[in-house]
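Keep the sequence and the 3D view open as you read.

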Amino acid sequence: MGKKGKRDKKGKGAEKTAAKMEKKVSRRAKKEEEDLEALIAEFQSLDAKKTQVIESSCPPPSPRLNGSLSAHPERDELILFGGEYFNGQKTYLYNDLYIYNIRKNSWSKLEIPNPPPRRCAHQAAVVPTAGGQLWIFGGEFASPNGEQFYHYKDLWVLHLATKTWEQIKASGGPSGRSGHRMVACKRQLIVFGGFHESARDYIYYNDVYAFNLDSFTWSKLAPAGIGPAPRSGCQMTASPEGNVIIYGGYSKQRIKKDVDKGTLHTDMFLLKAEGVGKEEEKWTWSRLSPSGVKPPPRSGFSVALGPGNRSLLFGGVQDEEEEESLEGDFFNDIYFYDMGKNRWFPAQLKGPKSEKRKRRRGKQAESEAAGDEEVEQRPPQGPLEIVKEVVAEDGTVMTIKQVISGPAEEKERSESEEEEEEEGGALGQQVEPCPRSNAMVAVKHGVLYVYGGMFEVGDRQFTLSDLHSIDLHKMGEWKVLVEMDPKAQEWLEESESDEEDDDVEGAEGGEEEEESSEEESGDDEAGEEQHPAVEPGENPEEYLSRTEQYWIKVARSHMGPEAKEKKVVKVAHAMAKTFHEDSV
C-alpha cells in the first residue's frame with residue numbers, strides 16, 4: 001500500500017508540473033499569437049475574395065516541406081495541402097491545394113472559397129465517406145522572420161465530391177499544436193502528441209483525443225497502462241482491428257537556462273481499443289518489443305500505410321549536436337513494420353536478375369577463381385556511401401552524401417525474411433530520391449509517392465519540389481516523376497542587401513500571388529498603396545504614433561465589430577509593426 005501511494009503521489013506531482021508548464025507556455029504564447037492574428041487575418045481577407053471553385057492545370061508546386069500529401073479514396077489522384085518554405089531570410093506558409101493526376105503525371109491547382117488559413121506541420125486524414133473527405137487538424141503559422149508561432153486547434157473537412165471546405169466547430173478538442181499525429185481509425189479520428197512553442201518556452205504532449213465522425217464530437221481518452229513519453233513527429237498507424245501503433249518521435253527538454261537537450265525516441269507502443277463504438281469503450285497502452293531490424297534513430301521521417309498490413313517509414317535526419325553547431329545525417333531509406341508479425345525490416349531495391357544468378361552460382365562454386373569473381377560481384381556488406389553533386393542557379397555546389405546500409409548477412413536471415421527481403425537483393429548504384437527530412441508521402445495502389453522535403457548543406461537549407469515513386473510490391477527501382485530543379489533553389493544570406501529582400505515581398509502567399517491574374521495583383525498593389533508610407537528615418541514607435549488610428553480601423557475591419565477593443569488595438573499595433581519592418 002505504501003509503495004503504491006508513493007507512486008500515485010509521484011504521478012500526481014508530474015501531472016501538476018506539466019500543468020504549470022502548459023499554463024506558463026500558454027501565457028507567453030498568447031501575446032505572440034495575438035500579434036500573428038493580424039497577419040492571419042490579412043491573409044484570410046485575401047482568401048475571402050475567392051467566390052467560386054476554379055481548377056486549372058499548372059506546373060508542379062513550389063518547393064516546400066511539412067505539408068500533407070493524401071491519396072484520394074476513389075480516384076487515381078493525390079492531394080497536396082499547405083506546407084512551408086524558408087529561403088534564409090523569410091518563412092513562407094501555404095494553404096494552396098494541388099491535385100496530382102497519377103495516370104497523366106500532371107498537376108492542377110484547385111482554388112476553393114473559404115479555405116483553412118495558411119499552415120504547416122498539420123495532419124491530414126482521408127475517409128471514403130460521401131465521395132471522399134479530407135480532414136485537417138492543427139498545425140502552425142510562423143511570422144516571416146520565423147521567431148513567432150501561432151498554433152492552430154481548428155478542424156476542417158474538404159468534401160472532395162462537392163469541392164467545398166467546411167470548418168467543424170466542436171468543443172473539447174486538443175489544444176493548439178503542431179507536429180502531432182492523426183489517423184482515421186474505424187469511424188474516428190485519433191490525435192496523439194505534438195508540441196506548442198512560444199519564443200522562449202515549449203511543451204510536448206502525449207495526450208490522446210478521439211473525434212467521432214458520426215456525432216462530430218471530441219472526447220479526451222484516458223487509456224489504462226503506461227503510454228509513450230510526450231513527443232512530436234512520431235509514426236502513428238491504425239491497424240485493421242482498430243488499434244493504434246506509435247513508434248519513435250522527437251522531444252526536447254530544458255536542462256538549464258538557454259540549454260535544451262533533444263531526444264530521439266525509438267520506443268514503440270500499442271494503444272488497444274476494446275468495445276469500439278459501444279458506451280463502455282476502453283483504451284489501453286502497452287509497450288511493444290518488435291523483432292527484426294529497427295530503423296536507426298532519426299527525426300523528421302515521413303510515414304504511410306503500405307500494402308500487406310505494413311506501415312512504412314521514409315527518410316529523416318539524425319542530428320549530431322556539437323557545442324556550437326548542429327550537423328545532420330539525412331536518410332532516404334525505407335523501413336517496413338509488419339503489424340501482424342510485430343517485426344521491422346529494411347526495404348532494399350532489387351538488383352538485375354543476372355546479378356542475382358551470378359551470386360547464387362558463386363555460392364555453389366568450389367574453385368578459387370569462382371570465389372574471387374563472386375566476391376567482386378557481391379555488393380558490400382557494410383554501409384554503401386554514395387556522393388552526388390548538384391549545382392544551384394547561384395553557382396553553389398551542393399554535395400549530397402548518403403550512407404545506405406548494406407544487405408544483412410545471409411546467415412542472420414530466416415527463410416521468411418528472405419522471402420520478404422527478396423525485395424532486397426543487390427543495391428543499384430543510382431538511388432533516388434536524395435536523402436531528406438520532412439517530405440510528404442502517400443501510398444496509392446501499392447505505389448509510394450514522395451514529394452519535396454528538405455536537406456541541409458552546412459548552414460544552408462535546400463527545400464525540394466521533386467516527385468518520386470516506387471512500387472512497394474516489386475521494389476524494383478525508383479521512378480523520377482518530377483526532377484529536382486536547381487533553379488528553384490533560392491538562398492538569401494542575412495547580410496544580403498534589402499533590395500533582394502524586397503524582391504520576395506509579399507511572397508508569404510507562395511505561388512498563389514505569382515499565378516494570380518493581372519487584375520487581382522493590381523488590386524493588391526492598390527491595397528498596399530492605401531497604407532500610410534513610412535517616412536525616411538522614422539522608427540517603429542514614431543510610425544505607430546502617427547498612424548495608430550488608421551491601423552486600428554484596418555484591424556477592426558478584419559476582426560469584426562464583436563472583437564474586444566483591447567485585442568483590436570494589439571492586432572493593430574502588430575500590423576503597423578509588420579508593415580514598418582517590411583517597408584524599411
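Which residue in β29 does M454 stand opposite? M454 faces T463 there. This is a predicted model, in which local features need pLDDT of at least 70 and side-chain atom pairs count only at pLDDT 80 or more, while totals for chains, interfaces and linings use all residues. Residues are numbered from 1 along each chain as its sequence is written, and side-chain values use heavy atoms, with hydrogens and water left out.

β28 covers residues 447-457 and β29 covers residues 460-471. They pair in the antiparallel sense over 10 bridges. Strands here are DSSP runs (E, at least two residues), numbered from the N terminus, and two strands pair if DSSP finds at least two bridges between them.

Both strands belong to an open sheet of 4 strands, in the order β27-β28-β29-β30, with antiparallel pairing. β27 (440-444) and β30 (479-482) stand at the edges. Each has a single partner strand, so one side of each is left without a neighbour in the sheet. From one strand to the next, the twist averages 30°. That angle is taken between lines fitted to C-alpha atoms, in N-to-C directions, on a scale from 0 to 180 degrees.

Now the cysteines. The structure holds 0 disulfides (pairs of cysteine sulfur atoms within 2.5 Å). C234 is buried, at a relative accessible area of 1%. C434 also counts as buried, at 4% relative accessibility. Buried means under 20% relative accessible area, with a 1.4 Å probe and protein chains only.

The whole structure contains 2 cavities of 30 Å³ or more. On a 1 Å grid over the protein atoms alone, a cavity is a set of points where a 1.4 Å probe fits but cannot get out, and lining residues have an atom within 4 Å of a point. A volume is the space filled by probe spheres set on the points.

The largest cavity has a volume of about 80 Å³. It is lined by 11 residues, and K50, N95, D96, L97 and L110 lie nearest its centre. β4 (91-101) and β5 (106-111) each supply at least two lining residues. By class, this lining has 5 nonpolar, 1 polar and 5 charged residues.

The second largest cavity holds about 40 Å³. Its lining is Q235, T237, I245, Y247, M268, S311 and Y337. β16 (235-238) and β17 (244-256) are the elements that give two or more residues to it. This lining divides into 4 nonpolar, 3 polar and no charged residues.

Definitions and conventions. Buried means under 20% relative accessible area, exposed over 50%, partly exposed in between (1.4 Å probe, protein chains only). On a 1 Å grid over the protein atoms alone, a cavity is a set of points where a 1.4 Å probe fits but cannot get out, and a pocket is an open set with protein on both sides within 12 Å along at least five of seven lines; lining residues have an atom within 4 Å of a point. Ala, Val, Leu, Ile, Met, Phe, Trp, Tyr, Cys and Pro count as nonpolar, Asp, Glu, Lys and Arg as charged, and the others, Gly among them, as polar.
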